[in-house]
Amino acid sequence: MRTPIIAGNWKMYKTQNEAFQLASTLKQRLSNLNSVKVVLCPPFTALASVKEAILGSNILLGAQNMHWEKEGAYTGEVSPEMLLTIGCKYVIIGHSERRSYFFETNQTVNLRVKSALKFGLIPIICVGERLEEREANKTEQVVENHIKGAFADLTGNLAEETVIAYEPVWAIGTGKTATPSQANEVHLFIRELLSSMFSKECADKINILYGGSVKPDNSKQLLDMSDIDGALVGGASLDADSFEKIVRSAT
Ligand code: PGA
């Protein structure tokens with residue numbers, strides 16, 4: 001059985017103090033949950049204070065991006081080892097905002113995925129189609145291309161250490177959510193694809209999260225679907241009440 005994962009992607013929100021406050025509140029409210037993995041992904045500048053705030057709880061820390069090299073002359077970048085030693089267990093890779101605003105490609109996503117795994121971080125690999133691609137019936141083609149790109153050169157043993165987030169770009173931050181069955185259909189497609197690329201056993205181990213306007217009033221219906229194994233939550237993760245409700249809807 002896959003334990004659901006609810007990950008909060010705080011994007012470029014929360015100063016260090018604000019992040020500490022939010023994480024401390026979530027620790028008080030959620031620290032005893034065992035049936036769901038809660039992951040907080042604050043900006044780099046707040047990783048240390050969030051780590052401190054969640055100490056002694058089951059809440060896990062994640063970053064929103066990383067470079068693939070161990071170290072080097074890469075001004076402005078953060079390495080996997082830096083994330084690992086600050087206490088991260090997860091790292092979001094290839095978010096659509098990074099693909100569209102910062103020109104990430106399948107190839108750089110693949111480099112990051114391989115590096116994260118090599119350093120012992122769990123990559124949360126984001127895939128998903130844009131509105132015009134869905135309207136042109138290209139959803140499966142785009143998702144397949146993202147998955148094949150991200151997983152290039154990986155063996156099944158490594159692939160099963162990853163988490164995938166299906167995030168239709170048209171649903172991110174727009175208030176438009178894929179219906180539970182629309183989302184589950186793509187999740188099933190992804191699982192079958194993984195099964196054909198690796199094995200059924202491997203595909204069955206990978207958590208596939210849904211992301212895109214997940215809110216307290218739609219999370220339960222989404223999470224009840226057979227192949228939706230959690231959520232990657234943006235806007236609604238910035239508020240303790242709404243994030244707590246989403247986490248509880250996964251229990
Ligand atoms: P949203 O963002 O929940 O605000 O739509 C999700 C994401 O981008 O991961």
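The legends below describe close-up views of a predicted model. Residues are numbered from 1 along each chain as its sequence is written. Local features need pLDDT of at least 70, side-chain atom pairs count only at pLDDT 80 or more, and totals for chains, interfaces and linings use all residues, while side-chain values use heavy atoms, with hydrogens and water left out.

**View 1. The largest nonpolar core.** This core has 67 residues; a nonpolar core is a set of buried Ala, Val, Leu, Ile, Met, Phe, Trp, Tyr and Cys residues joined through side-chain atoms within 4.5 Å, buried being under 20% relative accessible area (1.4 Å probe, protein chains only). Ile6, Leu40, Phe151 and Ile190 have the most contacts inside it. With six residues, helix 9 (residues 180–197) gives the most to this core; helices are DSSP runs (H or I, at least four residues) numbered from the N terminus. Another core, of 13 residues, lies apart from it and includes Ile5 and Cys126.

**View 2. The surroundings of Phe151.** Leaving aside residues up to four places away in sequence, Phe151 touches Asn110, Ile125, Ala159, Thr162, Ile164, Leu194, Met197 and Phe198 (contact: heavy atoms within 4.5 Å).

View 3. Among the 13 residues around the ligand (a heavy atom within 4 Å), Lys11, His95, Glu167, Gly173 and Ser213 come nearest.

View 4. A polar side-chain atom of His95 lies 2.7 Å from a ligand oxygen atom. For a backbone N or O atom of Gly235, the distance to an oxygen atom of the ligand is 2.8 Å.

How values were computed: Buried < 20%, exposed > 50% of the residue type's maximum accessible area, 1.4 Å probe, protein only. Helix = DSSP H or I, 4+ residues; strand = E, 2+ residues; numbered from the N terminus. Polar contact = N/O pair within 3.5 Å; in protein donor to acceptor, adjacent residues only side chain to side chain.
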